[in-house]
Amino acid sequence: MNFDSQETMPFQMSFCSHLPVETSGELSSAAATCSRGKRRSVGPPAHREAKTLRTVQQEGEATQTSGGSPSISVPLDRLQQPITASELTELLHYAALGRTCGVKQPSWCRLHHQKRVNAVNVVIVEGLTQSHFYKHYLTLRHLRTSYTTRVTFTPSPTDLASGIFSDEIPESDAPSQSHSGSSALHKALSSHPVITKFGTQRRGLTAYVLPQEEMIKKHYPVKGMPGFEEFVCTDGVDCVTDGSPLYGLDCEMCQTDRGNELARVSLVDSDGNCLLDDLVKPQNRILDYLTRFSGITAAMLRPITTTLRDVQVKLRQLLPSDAVLVGHSVNNDLMALKLIHQHVIDTSLLYRREFGQRFKLKVLADIVLQRQIQTEGNKGHNPTEDAVAALELAQYFIKTGPRQVVELHLEKLWRYKIVEESADCEPAPKPSLRFADKLQTLGRSVAYFGKRSHLALDLSNQQWHSSDKQVLASFSRRTKCSFLSVLQLSDHLKRCRAHQEQQHQRVRANLRDMCVVLAGPFPAGFSEREVRRLFHCCGSVRNIKMLTTTVRVQAEVEFELLEGAVLALKALNGLNMQGQSIKVKRPVYESMLDLDLTLDALMCDSLNTSRLYAVQLNPSMAEDLRVPARVNGRASDAECAGAASKVNGTRESQLSEETITETFGRFGSVESVVLPAKRPRHAYIKFESSADKHVALRFSEDLRKENYLVCPSLTPPHLPSWVGAVHTGSEAAEGEERTHGRTSSQEMDRRLGKLDRRLGKLFSSLPEGTLSVVVLLGDTSAHGCPGLCLMEVKRGE
């Protein structure tokens with residue numbers, strides 16, 4: 001929670017004013033004098049008033065919602081379990097395809113009226129955790145108010161964006177469909193040179209590394225073969241894996257009196273970053289600079305002193321032992337470098353043609369990558385640009401798979417014309433089961449906006465940008481909304497990742513502060529056990545710290561849930577203990593400056609609008625807390641005397657779902673009840689409408705007479721298990737975090753505020769019926785914090 005606000009709010013001793021609980025001053029005599037056996041029945045006037053209130057408020061809500069609109073919901077018990085990346089894609093598959101395509105409803109949530117979902121938009125935010133969300137809760141106004149479903153997300157080391165596009169739909173859920181021309185297409189594919197060489201299945205990069213026999217056949221420099229005795233060998237491993245890094249390589253040559261010699265070399269890493277771009281002085285006399293191809297002139301080489309040997313040393317230093325070199329006709333580059341490298345992928349041999357012919361790199365870049373290269377005319381080529389193009393062609397081929405590459409570019413690249421034959425042909429192969437491919441088959445467009453990424457997706461559907469601002473601007477400028485769009489944001493937290501652990505510590509401290517109250521003075525000799533039993537009537541107590549002096553006995557009480565502290569302030573402040581009135585108040589920490597705003601925001605949180613918190617009192621304690629009037633915020637001595645003697649009184653009975661439903665069902669339809677697993681004495685009640693919750697709150701005094709204390713729900717339903725997890729760590733560390741990191745916290749507040757506003761504009765631009773998902777990826781380190789997944793279906797204004 002963010003309590004390091006730039007605005008300082010006056011500290012308020014009591015927060016009862018923030019609870020929308022109305023006390024009925026005109027209770028009927030029947031309700032006030034009802035027998036113990038009938039105490040679960042509200043008197044006729046109160047019952048009629050509750051019904052009237054409920055009807056009026058529900059009619060108001062009904063005008064704001066349209067029947068049959070798509071919506072998403074997660075069962076309350078499932079909300080307290082994190083979801084994985086595969087479970088998220090399970091939802092996206094169903095939202096986009098539905099039962100008509102054989103995709104089943106997700107196992108962990110319910111998407112209602114799926115057929116009315118018009119689009120799917122996913123925003124992936126790297127570097128943000130659930131801790132960031134609750135630390136800067138007030139700042140993230142759009143995220144906390146626009147999304148009614150929120151669930152913890154388990155961080156995944158794999159690329160989520162890639163998984164969304166490439167995860168396959170289960171075969172049993174994706175029946176094959178007959179398409180016009182399928183038999184002719186099958187015939188064309190069966191004899192295609194790419195399919196003949198590599199098959200139809202998508203495989204890892206090792207499937208495309210040239211074997212030694214083919215390298216020898218294609219005149220690559222190979223160790224031990226005649227003519228390559230003076231060549232330098234890189235220090236490579238014998239075998240590479242599908243996870244080995246790819247490096248793009250391209251060289252330019254000049255013609256000398258000894259043939260073609262190296263004049264320029266470029267090397268790029270798997271992200272396209274240039275690692276080496278050097279001009280090289282040929283050893284022999286230059287006859288032709290080949291400027292129209294190489295771009296090299298005499299003036300450029302005149303001051304150069306770099307030799308072939310220098311370049312060989314650099315390459316050996318830059319290339320790791322498991323590197324795979326990628327190039328277009330890369331054998332020519334290795335010959336010019338006089339370099340032997342064991343593991344090579346040649347893009348001229350990936351995109352094969354009949355009879356051994358090869359495509360030019362410029363043609364492949366134009367059709368496959370939809371990018372213009374080698375456009376300088378007589379000025380020659382840019383080897384770095386060519387190296388990046390070859391690298392991306394290889395990455396695209398590996399990620400997409402040979403069959404999809406051929407199908408997507410069969411006509412434009414290979415000039416195949418598919419003509420349906422009348423004669424029966426063998427059955428067509430199954431279409432691809434990958435999510436993106438299935439959508440495109442159905443005529444639904446897909447798009448990716450973000451940093452450079454290696455997605456199994458046609459590059460014409462990818463827009464790469466270097467900053468989040470550019471990503472969002474590019475999305476807003478789109479002329480047509482794609483059915484599936486994925487945005488990946490990553491740069492707004494680059495300078496703050498070193499402070500992740502400090503961030504978690506601050507959130508731990510702030511959450512603890514919100515659950516703490518100070519109480520006292522207690523009668524002399526009052527023990528920790530007696531304090532625990534007294535405050536247990538408001539909720540589960542996590543920790544008691546006695547603050548005993550020579551004069552007074554006081555205590556710091558830490559509840560497990562936020563509601564416990566709120567009820568303690570409301571119910572126990574002013575309670576008479578052996579003739580001595582105790583005070584219950586919040587501790588004064590810097591983190592508490594915005595507590596009133598935070599409680600209001602939590603109360604109005606979309607996840608809490610129809611939820612109520614209730615705790616069952618010990619009957620003897622309930623009798624002492626039934627106070628019809630207070631003077632100056634204190635209970636009268638006559639009505640509260642002897643409370644201390646009853647702290648150790650009758651043990652309260654445990655709640656059950658049946659009794660809760662029976663008690664609160666008279667205020668409205670109870671959708672669900674969540675109880676603690678062990679010894680339940682408090683419960684979260686979810687009504688079908690928020691109107692029912694407000695009716696129950698209006699009759700809180702009646703409920704108190706039935707031994708129940710109630711207040712609006714504050715803790716988001718998915719949070720209790722995570723709150724318990726973050727309440728670890730030393731108090732010393734928490735205390736230190738209260739006084740450090742203010743500057744970085746304010747800077748984060750500013751950045752996250754800007755991010756939230758941009759996401760708000762993006763959400764506003766989405767068409768009605770769009771399933772909008774925002775994923776805070778979380779931290780994958782050993783002690784990292786989980787992420788958060790927020791979901792909402794965009795409705796009309």
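**Words and their cut-offs**

Author: Gladly! Let's start with R757, which lies in helix α32; helices (DSSP H or I runs of at least four residues) and strands (E runs of at least two) are numbered from the N terminus. This is a predicted model, where local features need pLDDT of at least 70, side-chain atom pairs count only at pLDDT 80 or more, and totals for chains, interfaces and linings use all residues. Residues are numbered from 1 along each chain as its sequence is written, and side-chain values use heavy atoms, with hydrogens and water left out.

Reader: Why is R757 called exposed?

Author: R757 has a relative accessible area of 53%. Exposed means over 50%, buried under 20%, and partly exposed in between (1.4 Å probe, protein chains only). With its 53%, R757 therefore counts as exposed.

Reader: Which residues form the positive surface patch?

Author: K469, K754, R757 and K761 form it. Patch members have over 30% relative accessible area and no salt bridge, and like charges are joined within 9 Å. Lys and Arg count as positive, Asp and Glu as negative, while His and the chain ends are not counted. Helix α32 (residues 742-765) gives the largest share of the patch, 3 residues.

Reader: What makes H142 buried?

Author: H142 has a relative accessible area of 10%, so H142 falls on the buried side. H142 sits in helix α6 (residues 141-146). Leaving out residues up to four places away in sequence, H142 touches Y147, D756, L759, G760 and F763. Contact here means heavy atoms within 4.5 Å.

Reader: And is T89 buried or exposed?

Author: T89 is buried, because its relative accessibility is 6%. T89 belongs to helix α4 (residues 85-97), and beyond its neighbours within four places in sequence, T89 is in contact with G163, I164 and D167.

Reader: How do you know that helix α24 is mostly covered?

Author: Of the 9 residues in α24 (residues 595-603), 7 are buried. Among them are L595, D596 and L599. Across the protein chain, 54% of the 797 residues count as buried.

Reader: What makes E214 and K197 a salt bridge?

Author: Their closest N and O atoms are 3.5 Å apart. A salt bridge is a side-chain nitrogen of Lys or Arg within 4 Å of a carboxyl oxygen of Asp or Glu, so a pair at 3.5 Å qualifies. E214 lies in helix α10 (residues 212-217) and K197 in helix α9 (residues 193-198), so the pair ties together parts 17 residues apart in sequence. E214, at 11% relative accessibility, is buried, whereas K197, at 42%, is partly exposed.

Reader: How close do the N and O atoms of K314 and D278 come?

Author: The closest ones are 2.7 Å apart, and the two residues form a salt bridge. K314 is in helix α13 (residues 308-318) and D278 in strand β8 (residues 274-279), so this pair joins parts 36 residues apart in sequence. K314 is partly exposed at 34%, while D278 is buried at 15%.

Reader: What about E558 and R542?

Author: Their side chains meet in a salt bridge at 3.8 Å, N to O. E558 lies in strand β18 (residues 553-559) and R542 in strand β17 (residues 541-548), so the pair links parts 16 residues apart in sequence. E558 is buried at 6%, and R542 is partly exposed at 30%.

Reader: How many salt bridges are there in the whole structure?

Author: A search finds 13.

How values were computed
Patches are made of residues with over 30% relative accessible area and no salt bridge: like charges are joined within 9 Å, nonpolar side chains (Val, Leu, Ile, Met, Phe, Trp, Tyr) within 5 Å. Accessible areas come from the Shrake-Rupley method with a 1.4 Å probe; for residues, only the protein chains shown count as cover. The place of a charge is taken as NZ of Lys, CZ of Arg, CG of Asp or CD of Glu.
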